[in-house]
Amino acid sequence: MSTNNIITFAHLLDWIEGRLSAEDAANIEKSMTTATASQRADLAWLTAFHRLSQETVLATLPDGARANLAARFSQYAENRHRSAAERPGFLQRMMAALTFDSVQQPMPEGLRSSDKAQLRQLVYSVDAVDIVLNIQPRSEDDGFDLLGQILPKRADFDLTTSSIQLRQKSGDTIIDVPDELGEFSFQALSSSGNSITVSSDTMSIAVPLPELHG
Amino acid sequence: MGNSSHFPSDEQILLRCRQGDMSAWHQLVDKYESLIISIPLNYGLSREDAVDIAQIAFTALIQNLETLDDKSNLGGWLATVARRHTWRMVKRRQRELPNEFNSKSAHTLLRDRTNLIERWELIEWLNSGLMLVSERCRALLTALYFEAEDVSYAEIAARLGIAEGSIGPTRTRCLQRMREILDR
């Protein structure tokens, strides 16, 4: 174990994981001073893996949780082709109506138009929820940051299992989930081509965003 | 060591899930459950909280099956939902149980955003390697390195139906294989 050509991947693994005698470990350490590039690369990989394994726990879902999820998927599979009329209460698809746009409001006396442009508030509504969007231009680029809030109006909208998906003009989608207050956020939106979908167990709400202007 | 147990691609899984294929759903859960549960576990949350967060993430995916892009990275999508819930849960636990919830990893990583992102990426890298080795290698490496409690060689040998003396050489071969896969 004192020459490079017999320092194998197995030797390095045993060395890193402390399974070598003190003498063998010292021999490996000495030999590594003249190690080949391949051996150094193996050592680096094993070192990284060892460190990660010390810090990481992986687990699996308990049987009950898997069964719950399978039941939800089964419900999705059973109902996906049925029309909304045939599956009342399950995954209603709807388009939210814009009920308030701060840009459209008359300017209070004495307020400059540039002040009003800093923050734009939009409110969308369906029977079950109001969705408030506060959109602000970013100082570092031409994009916009969005802070939203889902305000349930009915008990059948469950915030804890809902999600919000932003689809951008580029086709990229970003997902967020609301906190206990219903708040969510997205950063660096482009000025156009954005749409939001709010999803829960029982409904999918499309929220079409207007052109955003700085 | 057995043939490599490749999972179908995310695109294939997504397509079949949209067709209501339950076996595709099980494959999706098999492929990503460890990754998704590891996120809250490694931030000091309890196993119960971690299972709750994982269920929320997979449930959100079901809700969005029809609207996801065909080429979506399902693991990344699920991990994003899990991370956001984990972040909020950790902060909630710190408020509710300031004396009891004192996770060192949570404190350290919540403070340092750069390490946080790097850590998540490393766990995703690790999970991708485990998903691409054979089922036997995956079981062996998980038992040796990634269970919450140490598992004896005797128990591992019994679980996998192998001789205790073969664990060392098999471990080496599995790690070499994982390295080859991840380095491609």
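How many aromatic pairs does a search of the whole structure find over all chains? The search finds nine. The model is predicted, and chain A has a mean pLDDT of 84, with 86% of its residues at 70 or more.

**Aromatic contacts between chains**
- The ring centres of F49(A) and Y145(B) lie 5.1 Å apart with the planes at 90 degrees, so this pair is edge-to-face.
- This pair joins two chains, because F49(A) belongs to helix 3 (residues 37-55) of chain A and Y145(B) to helix 7 (residues 135-145) of chain B.
- F49(A) and Y145(B) are both buried.
- F49(A) also pairs edge-to-face with F146(B), the ring centres being 5.8 Å apart and the planes at 85 degrees.
- F146(B) sits in the loop between helix 7 and helix 8 (153-160) of chain B, so its pair with F49(A), in helix 3 of chain A, joins two chains as well.
- Both F49(A) and F146(B) are buried.
- One aromatic cluster comprises W45(A), F49(A), W125(B), Y145(B) and F146(B).

**Sheet of chain A**
- Five strands of chain A form an open sheet in the order 1-10-9-6-7, with mixed pairing.
- Strand 1 (92-95) and strand 7 (173-176) of chain A each have a single partner strand, so one side of each lacks a neighbour in the sheet.
- Neighbouring strands of this sheet are turned by 20 degrees against each other on average, direction ignored.
- Strand 6 (residues 163-167) and strand 9 (residues 195-199) of chain A run antiparallel and are joined by five bridges; R167(A) has S195(A) in strand 9 as its bridge partner.
- Helix 4 (residues 74-96) of chain B lies across strand 6 and strand 7 of chain A, at about 30 degrees to strand 7.

**Confidence by element**
- Among the elements of chain A, helix 1 (residues 9-16) has the highest mean pLDDT (95) and helix 5 (residues 113-117) the lowest (49).

Methods. Residues are numbered from 1 along each chain as its sequence is written. Chains are lettered from A and ligands numbered from 1 in the order in which they are written. This is a predicted model: local features need pLDDT of at least 70, side-chain atom pairs count only at pLDDT 80 or more; totals for chains, interfaces and linings use all residues. Side-chain values use heavy atoms; hydrogens and water are left out. Two strands pair if DSSP finds at least two bridges between them. Helices (H or I, at least four residues) and strands (E, at least two) are DSSP runs, numbered from the N terminus. Axes are lines fitted to C-alpha atoms, for helices over the stretch in contact, and angles run from 0 to 180 degrees between N-to-C directions. Contact means heavy atoms within 4.5 Å. pLDDT is the predictor's confidence in each residue, from 0 to 100. Rings of Phe, Tyr and Trp (its six-membered ring) pair if their centres lie within 6.5 Å; planes under 30 degrees apart count as stacked, over 60 as edge-to-face and the rest as tilted. Buried means under 20% relative accessible area, exposed over 50%, partly exposed in between (1.4 Å probe, protein chains only).
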